[in-house]
Amino acid sequence: MADITYICKRTVVSTKPVQPGKHCSLSVLDRLMEQNHLRSVYYFRTPGGREPGELTKKLRESLSEMLSCFPIVTGRLLKDPEGHWMIKCNDAGVRMVEGRIKGSVEDWLKSVDREKELKLVHWEEMYHKPYFWSTFYVQITEFGEGGLAIGLSCFHLLADPTCAAVFVKAWADVTLTGKMLNPPLFHQLPPRRPGGKNPNHEPHMELINCYKPIADKTNLVSDTKHATIALAFSDPMVRACVANGQAMNALDQSSSPSPFEALAGLFWVCISKLKGAGDGLIDMSICSDMRNVLQLDNGFFGNCMVYNKVNSRSLKEHKLSDVAKAIGEVMAKMDTDGITDLIEWLEHNGYQSPPPMNGCELMCASLEAVDPNLAVFEEGFVPIRMSSYVEPVVGAGHVLVLPSPPCEGPLSRTVMVTLPEDEAARLCEDDLILHFSPTILMGVNN
C-alpha cells in the first residue's frame, strides 16, 4: 500500500463575497447532531495525459466558484443569545488538503481498509476557539498511475449525508457545465400546517419516546478499534433478499419489504447472532431521510434524518420475514404528523449538549438519497465507488445502506458495516450473508 504524500493545506473561499451581516440559525434536528461528523470518499478513474496537479487546480477553481451558493459552508460558528450554535456567514472558506499517491486507483481499491481510507478524507476536531474552526474539509488525492479520490468531511451539526451529496454534486455540476443545476435551499424546517393546529392536539409519541432517552445518555465513545466492511449486493441479490423477507407473507403481496428493510433485517439478524444475542435480537435504531415525508426538496440543506427504534421484544427468532416486517412497520410510523410532533417536542425540550445520536444500540441508516452516481465532474470522469462514514462510532455499530452504480441494476445496493474489528471479520464469514453472495468491496485486512 503506497503512502500518501500531502502537498499542502489551504483555504478556499468563494468567488463572490457574502452579504455583510448575514447569519443562519440551526434547527433542533441540526443541534442534536453536535457530537457527530460525516466523512465520505468518492473514487474516480481519470483520463491520462495530464500533468500532476493539473486536475486538482481545476477542481480547486470550480470549488471556489461553487462555494458562492453555500454561505453556510464557508461561515463560522457562533452562539446566539440562547446559547445555541448559529452560523456567521463571513466567507471564511473551507479547508482543502491536496495529496498524491503512487500507483493507480484500481490498485488502491484492491487493498483499502477503513484505516487507510480515512487518510483520504481530512478532518480536524473543533478548536477551543470555534470561530476560527472550519466546519467543512475537502481533500483531493491524485493517483500517479491514474485516478482521483475526493474526500469530504463536515460537522454533522450543519449537514446530513444528503446535504454532503448535494454539495459534491453541485461541485461536479459547476466543474462539468460551468453552472449549478440544482442550487441548495436554505430555510427552516416546515411548521405545522395552519389547518393542523389544534389546541387539544395529542402528539404522536412513537418518535418522541425514541428521542426521550437522549437526555440520559452519556458520552459512549470508547477506545475499541473498529473495522468497516463494504459489501455490494447486485439487483438479483437484493431481489432474493426481498423475496426471503416476504416468504412468510406470500398471501399478502403488499407486505413486500423495500430493499432497505430487507437488507436492514438481514444485517440485524446476522450482527445480533455474532454479538451473542441467542435467538433474540439486539436493540436497533433505524435512521432515514425525511425530506419526502415533509415535502421538502432534495436540495434542502440541513439535517432531515430522523431516528426510530425497532421493537425487538416480540421477535424471538431469526426469521427475516418477521424482522423485515417489523422494520417496515416502524418506517411507516415515521409520517408527517409524527415528525412534526417530534420537532415541536424537541423545540420545547432542547438539550444544550446532546450526546452522539448513534447511541448504545446498533444504528442502521437508509442513505437512498445519497446517490454518488450523480457526481460527474467531466465526461469520462464517473464515480467508480463511494464510501460513507458517520463518526464517531459508538455503541453496537453502524450499518449504512447506499445506492450502487446503475450498471448493477435498479435494486442494487452497497452496505457499509462498521463494527469492532473482531466482529467485522466474523461478519464477512456469516453463512446467511454468504448465501446471497455479495461482493466484498472492502474487508478486514483486505
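**Figure 1. Polar contacts across the interface of domain 1 and domain 2.** In this predicted model, 18 residue pairs, both members at pLDDT 80 or more, are in polar contact across the interface of domain 1 and domain 2. The elements that each supply two or more residues to the side of domain 1 touching domain 2 are the helices α1 (28-31), α2 (54-66), α3 (105-111), α4 (114-117) and α5 (161-177), together with the strand β3 (37-44). Of these, β3 contributes the most, with eight residues. Sorted by class, this side of domain 1 comprises 27 nonpolar, 13 charged and nine polar residues.

**Figure 2. Salt bridges between domain 1 and domain 2.** Four salt bridges are counted between the two domains. In the salt bridge formed by R114 and E391, the closest N and O atoms lie 2.9 Å apart.

**Figure 3. Buried area between domain 1 and domain 2.** About 4,200 Å² is buried between the two domains, and carbon and sulfur atoms give 61% of this area. Within domain 1, the residues that lose the most area to domain 2 are L29, L32 and R114, which together account for 17% of what that side buries. R114 is also the residue that forms a salt bridge with E391.

**Figure 4. Arrangement of the two domains.** Contact between the domains involves 49 residues of domain 1 and 49 residues of domain 2.

How values were computed. Residues numbered from 1 in each chain as written. Predicted model: local features only at pLDDT ≥ 70, side-chain atom pairs only at ≥ 80, totals over all residues. Heavy atoms only, no water. Contact = heavy atoms within 4.5 Å. Buried area = accessible area lost by both parts, 1.4 Å probe. Salt bridge = Lys/Arg side-chain N within 4 Å of Asp/Glu carboxyl O. Polar contact = N/O pair within 3.5 Å; in protein donor to acceptor, adjacent residues only side chain to side chain. Helix = DSSP H or I, 4+ residues; strand = E, 2+ residues; numbered from the N terminus. Nonpolar A, V, L, I, M, F, W, Y, C, P; charged D, E, K, R; others polar.
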